[in-house]
Amino acid sequence: YPTSHTGTSVSRGRCCRESIDQGAMGLDVNITGRQRNYILFIGIYAVLSAILFAVVYLTDMPSSVCDGYFPYADAMANGIFPYTEEVWAYDEWRTWEYPPMAYLFLFIPRMFAPSVAGYQVAFIVMTGLFFILGLWCSERLADRMGHDRLRIMALYSVLMFLMFEFLTDRFDMIPMILTFLALILAMDRKYTWAFVVLAFATTVKLYPAIFFPILAIYMLAKGERMGALKGVAAFIITGLAVLALFYLCGADPLSFTKYHTDRPLEMESVIASLIEFTALLGLTDVSYGFDFGSDNIYGSLPDIFSGLMLPLMVVVLVLLYAHYAYWTLRSGLDKSKLRPDTCLVLTIAMMTFILVSTVFSGQYMVWLIPFVLLLYVIPGKREEKDTMMKLFVIGEVLTQLDFLVNFGFRGEGEAMSALGILILLTRNIMMVVLYLGLTMRLIENDRGKLFRRKARAPE
């Protein structure tokens, strides 16, 4: 067609007539590429959700949503406020083990469905909405870092789909997506909102709190002192407001912390898998039992390490914060690596919380997905990024094998098979290798800063 004004008008008029004609036939051809991306991934999510619902509904497959979340939600619907009475869930009397706002998201599906099956459908719809929010975050991340939208959205979706039953049968995706959103807000320089969202995520699942010092140091390193002060204030005020609401209702919203500090060594944790392997070799003795909603190991070594892991985690995190603050707040250092180093520190902090711990449940792999995406989009060697991604994907696959072998074919509290121990040990070793590799990368980056500073120093 001609490129003149008249030719363009004719061409545009023809396109309009075609759209009208096709619209009259019930065809919508005005779908943009962006909309097509969303439709594709949401459609896959919907199909997988329908399959999972059918499997749970038609079989006796255990379900956290049906067996655990619904009883809590039903208790709240019948007037029991969180942390005030025990609830019959998972076939036993249970305390309230989650942070306060987690129960908001357990209660929302119950507002729309009084039956167990209806509750599961509503819960799947709710997690689907958070999946869409995560799609938007991954799209925004691609835009901010100059990457192809479809590629990053597809990567996000694949990593999520590999852990699918942990998305729709757990609520762990919710704090993960909220944390992802907080990081995107920080990238967009909406710092106060980033801290507000991060604080709210912390009241849903405790682990987002470990990123609070990192974001504050990051803002100080960028010279955003007033923004850092506002962010810190917003974080504290948001957290205190949630706690005050529960205290005013006569509940103790911090009572859940005792539940977790008293937990024994969960059998999937890194240190537990090493002890289990030594027991398999006949070098030590362990026993298995089910308590605190998980399978645990007991014995002389497990009892020692169950009390050491939390203090050790705190020490490692404090050292990481100190290292990050030292290298980012020093004057005269090259700030070009600030964002890549911050992404590394965020990921290492998350992995510290997971690996240096008494618990490493399968859904914890979901927590890492935003940080794997962050590391993939920051500047760096393609080979290193591909290796990291392969290790993580293999870790997800091994987590599914662990879930199948150690939970699908094994009763609660029963001893693990040799195959189950080896699968779990392999998964944990691969995650430790990834953890150490990222730590070495951070140290090398910071040594590079030191050498550059020395090179610039006057003789």
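A cavity is here a set of grid points where a 1.4 Å probe fits but cannot get out. The model on display is predicted, and a search of the whole structure finds two cavities of 30 Å³ or more.

**Stop 1: the largest cavity**

Begin with the largest cavity, which has a volume of about 130 Å³. To display its lining, select Leu183, Ala186, Met187, Leu215, Tyr218, Arg339, Thr342, Cys343, Leu346 and Leu374. Then colour the helices α8 (173-187), α10 (212-221) and α15 (338-355), each of which supplies at least two residues of this lining. The greatest contribution comes from α15, with four residues. Classified by residue type, the lining of the largest cavity comprises eight nonpolar, one polar and one charged residues.

**Stop 2: the aromatic cluster**

Next, select Tyr69, Phe70, Tyr72, Phe81, Tyr83, Trp96, Tyr98, Tyr103, Tyr119, Phe123, Phe171 and Phe246, which form one aromatic cluster. The count for the structure comes to 36 aromatic pairs. Centre the view on tyrosine 69 and tyrosine 98: their ring centres are 6.4 Å apart and their planes stand at 80°, so the pair is edge-to-face, given that planes over 60 degrees apart count as such. This pair links distant parts of the chain, with tyrosine 69 in helix α3 (residues 64-77) and tyrosine 98 in the loop between β2 (92-94) and α4 (102-112), 29 residues apart.

Phenylalanine 171 lies in the loop between α7 (164-168) and α8, whereas tyrosine 98 lies in the loop between β2 and α4, so the pair ties together parts that are 73 residues apart in sequence.

**Stop 3: the open sheet**

Move to the open sheet of three strands, whose order is β3-β5-β4 with antiparallel pairing. Strand β5 (residues 294-298) runs antiparallel to β3 and is joined to it by two bridges. Select glutamate 266 to find asparagine 296 of β5 opposite.

**Stop 4: a charge over a ring**

Finally, select arginine 427 and phenylalanine 360. The charged end of arginine 427 sits over the ring of phenylalanine 360, 3.8 Å from the ring centre.

Technical notes:
Residues numbered from 1 in each chain as written. Predicted model: local features only at pLDDT ≥ 70, side-chain atom pairs only at ≥ 80, totals over all residues. Heavy atoms only, no water. 1 Å grid on protein atoms, 1.4 Å probe; cavity = no way out; pocket = protein on both sides within 12 Å on 5 of 7 lines; lining within 4 Å. Points joined across faces, edges and corners; volume = space filled by probe spheres on them. Nonpolar A, V, L, I, M, F, W, Y, C, P; charged D, E, K, R; others polar. Pairing = 2+ DSSP bridges. Phe/Tyr/Trp six-rings, centres within 6.5 Å; stacked < 30°, edge-to-face > 60°. Lys NZ or Arg CZ within 6 Å of the ring centre and 35° of its normal.
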